Amino acid sequence: MYKICLAFFMLTVFQLHSQQFPSEKQAEKFITALQEKGIDTICTFKYDCVGCVRSTKCDEQEVPLYIFWKQNGKTYYTKRDNCSNYQILIIKKDKFWDLYFENKEIVTNEKIRRSRFTAKDDDKNVYLLEINHYFFREISFYITDEKKVLEKVPEYYYEKVIHDEKNIDFEFNTSTFTYKLNRTLNSIINKRPLDVTDNTKG
């Protein structure tokens with residue numbers, strides 16, 4: 001038996017998901033330019049949130065979007081957000097390509113489980129936890145003429161404990177290839193921060 005537990009963090013939620021942000025427009029142009037040069041192995045890693053107030057202008061509510069691509073046997077990466085363009089770096093530890101290509105069929109079809117828990121005073125019922133304000137990461141692969149967008153997963157699905165409750169699906173979710181890709185790309189970003197090359201204030 002499943003029950004739904006809703007956790008509300010905001011009384012008023014203003015979402016602009018249909019609106020395209022400067023970082024996304026810049027990323028599209030950048031990717032198109034790469035493809036016009038004959039580059040056919042590209043990956044994007046977007047960090048965003050549901051329930052956030054967004055602006056198309058340069059402010060603290062930026063939407064960072066990272067772009068990785070393979071060219072002449074080397075992997076490069078850069079970043080776009082609502083405020084700036086960033087330098088391009090070469091990444092030597094790029095095993096995430098192998099992780100994707102060797103498990104492509106699994107990665108594109110696997111499903112992450114929604115977070116469940118049992119209450120401390122009620123271990124007979126399993127509850128689903130739904131949060132209306134959460135962060136997520138979205139990975140997309142542009143291989144030749146094909147674009148694959150992996151499942152958009154709320155970050156709290158990967159948390160062991162949510163609001164003092166044990167996430168029953170923590171071990172399953174953190175054993176998926178989607179999680180491994182998220183962790184690998186996030187590790188690269190944290191270890192190799194990018195410097196701003198120019199501002200694009202809106």
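N72 is exposed, with a relative accessible area of 75%; exposed denotes over 50% relative accessible area, buried under 20% and partly exposed in between, with a 1.4 Å probe and protein chains only. The model is predicted, so that local features need pLDDT of at least 70 and side-chain atom pairs count only at pLDDT 80 or more, while totals for chains, interfaces and linings use all residues. Residues are numbered from 1 along each chain as its sequence is written, and side-chain values use heavy atoms, leaving out hydrogens and water.

N72 is placed in the loop between strand 3 (65-71) and strand 4 (74-80), where helices (H or I, at least four residues) and strands (E, at least two) are DSSP runs numbered from the N terminus. Its phi is positive, about 55 degrees, although N72 is not a glycine. Most residues other than glycine have a negative phi. T144 also has a positive phi, near 55 degrees, and lies in the loop between strand 9 (134-143) and strand 10 (146-149). T144 is partly exposed, at a relative accessible area of 47%.

A nonpolar core is defined as a set of buried Ala, Val, Leu, Ile, Met, Phe, Trp, Tyr and Cys residues joined through side-chain atoms within 4.5 Å. The largest has 23 residues, of which C43, F68, Y77, F96, I139, F141 and L181 touch the most other members. At least two residues of this core come from each of strand 2 (41-50), strand 3, strand 6 (89-91), helix 2 (96-101), strand 9 and helix 5. The most are given by helix 5, with five residues. A second, separate core of 14 residues includes I112, F117, I131 and I162.

Rings of Phe, Tyr and Trp (its six-membered ring) pair if their centres lie within 6.5 Å; planes under 30 degrees apart count as stacked, over 60 as edge-to-face and the rest as tilted. By this rule there are 14 aromatic pairs. F68 and Y77 form a stacked pair, 5.0 Å centre to centre with 10 degrees between the planes, and both residues are buried. W97 and F141 form an edge-to-face pair, at 6.2 Å and 65 degrees. This pair links distant parts of the chain, with W97 in helix 2 and F141 in strand 9, 44 residues apart. W97 is buried at a relative accessible area of 3%, and F141 is buried at 0%.
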